[in-house]
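Have the 3D view open as you read.

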Amino acid sequence: MWFLYQLAMAAGLGVAAPVLLARRGRHYLPTLPARLGRLPEARGTRPLWLHAASVGEAGVAATLARALPPDLDLVVTTVTPTGQAAAEKLFEPLTEGGRSVVVTYLPFDLGLLVGRFLDHYAPRALVLFESELWPLLLRDCRRRSIPVAVLNARISDRSYGRMKRAGRLYRRFLLDPVGRLGAQSPQDEERLLSLGARPARTSLTGNLKFDTPEPLPVAGLEQALRDLAAERPILVAGSTMPGEEPIVLDAFERLDREALLVLAPRHPERFDEVWREVEARLLPAMRRSGIAAAGGAGPPASPPGIVLLDSLGELASIYRLAAAAFIGGTLVPTGGHNPIEAARFGVPVLVGPSMENFRRIARDLQIADGLTLAADGEALTEAWRHLLDRPEQAAEQGRRGLAIVDRNRGAVERSVELLSELVDLD
């Protein structure tokens, strides 16, 4: 059976590779050497392995790592280059106390590659975040008596249906090898138990994203954006997805208020594509990379209406400047992105109807009147206009959202306690 699984995995990679390389080659090519076994040097002793698929999980992993013993060596893996860049930036400060941190890519789920990785780093335990479960990786960890924990575990509506259909196979190959499961929400805990997770191994630990610290300001960038805004309010549209930028730009053009829009696409390989969409508009615009190139030249003669944030790792900090923040991936059916990044600054949050990936957070924010739901682009225009016209109400909405964030902190302590039941962290 395992031979057939690996054969299917290899065949799937063979079929998908030409498509991915044609569409997103620049994005995925850098990941291949490590995923195929060319691994960075092993450093430290008995490291704890943290796997964070992409940017959001890298932030969660770093949040957990800050609460671990400072001399505990780490190996951190990601799947995407953006996740890799985020992990390198987030974990670099954690090496200052002498801790060893190796950041690399997760091997493809094939026996030879997984075995080589485990031989090379000999981790004391593996911590997976959210929903990253790979059957052969779990099998090999079990065979080598490497404990596995899944923290910040969540199960989306779409995934839950597939997992229910898999039945015993899902329980046997993806849940039974896991020693501890820390669920984000009561619904996630209930779903894990219904899928066959053992109650003794499953706990409600909460969402680690509530405990993520505020990002430090990006040197010079915030003042540069304030200068470009020229006392106009700043609207941030973050983590936008394909098909969403035209809706957001249309909404902004309909807004008969003076404002600066900072537009931040989710994926860096789309920066040029989105810039072409921006250039087609009537408003003056510039790229964040243009701000860096201008250096100390001062603001342009004609202040831009739109700034394209074509950079990595800066959006989370820029939210603190926003008079209102729209969270992308919500006006198109992709499940949405993390509203906590903006809410923790006391910023009014706006989202579209697609928030399946953050359903409970969005519900709690909405119940507390800390979030505005915009059904479409026209509703987004009206929501922006309402908040800009009523700054006191906007500030109150931001305060309510921040209160929800503060109320839900504490997942780090519960997650470390759960992990310490499974593995020696000293």
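Which residues line the largest cavity? The lining is made up of E130, S131, L133, V150, A153, R154, I155, M163, Y170, L175, L181 and L192. Keep in mind as you click through them that this is a predicted model.

**Inside spaces**

The largest cavity has a volume of about 70 Å³, and the structure holds two cavities of 30 Å³ or more. Strand β5 and helix α8 each put at least two residues into the lining of the largest cavity.

Then there's the second largest pocket, with a volume of about 400 Å³. Its lining takes in 25 residues, and Q184, S185, D188, R360 and I361 are the ones nearest its centre. Two helices, α9 (186–194) and α16 (359–367), each bring at least two residues to that lining. The biggest contributor is α16, which gives five residues.

**A buried isoleucine in a loop**

Next stop is I146, in the loop that runs between α6 (135–143) and β5 (148–153). Is I146 buried or exposed? Its relative accessible area is 11%, and the cut-off for buried is under 20%, so I146 counts as buried. Who does I146 touch, once you set aside its neighbours within four places in sequence? The contacts are L118, P123, R124, A125, L126 and C141. Take P123 as one of them: P123 and I146 are 23 residues apart in sequence, yet their C-alpha atoms are 7.3 Å apart in space.

**Aromatic pairs around W2**

Searching the whole structure turns up five aromatic pairs. One of them joins W2 and Y5, with ring centres 5.9 Å apart and planes at 85°, so this pair is edge-to-face. Both residues sit in helix α1 (residues 2–28), and because they are three residues apart there, about one helical turn separates them. W2 is buried at 18% relative accessibility, while Y5 is partly exposed at 22%.

W2 also pairs edge-to-face with F173, at 5.5 Å centre to centre and 90° between the planes. Why does this pair tie together parts of the chain that are 171 residues apart in sequence? Because W2 lies in helix α1 and F173 lies in helix α8 (residues 168–175). F173 is buried too, with a relative accessible area of 14%.

Put together, W2, Y5 and F173 make one aromatic cluster.

**Salt bridges**

Now for the charged side chains. How many salt bridges does a search of the whole structure find? The count is 28. Here are some of them.

| D272 | R287 | 2.9 Å |

Start with the side chains of D272 and R287, which meet in a salt bridge at 2.9 Å, N to O. D272 belongs to helix α12 (residues 271–279) and R287 to strand β10 (residues 285–287), so the pair ties together parts that are 15 residues apart in sequence. D272 is partly exposed, with a relative accessible area of 34%.

Elsewhere, salt bridges with shared partners connect D256, R257, E382, R385 and D389 into one network.

Methods
Residues numbered from 1 in each chain as written. Predicted model: local features only at pLDDT ≥ 70, side-chain atom pairs only at ≥ 80, totals over all residues. Heavy atoms only, no water. Helix = DSSP H or I, 4+ residues; strand = E, 2+ residues; numbered from the N terminus. Buried < 20%, exposed > 50% of the residue type's maximum accessible area, 1.4 Å probe, protein only. Contact = heavy atoms within 4.5 Å. Phe/Tyr/Trp six-rings, centres within 6.5 Å; stacked < 30°, edge-to-face > 60°. Salt bridge = Lys/Arg side-chain N within 4 Å of Asp/Glu carboxyl O. 1 Å grid on protein atoms, 1.4 Å probe; cavity = no way out; pocket = protein on both sides within 12 Å on 5 of 7 lines; lining within 4 Å. Points joined across faces, edges and corners; volume = space filled by probe spheres on them.
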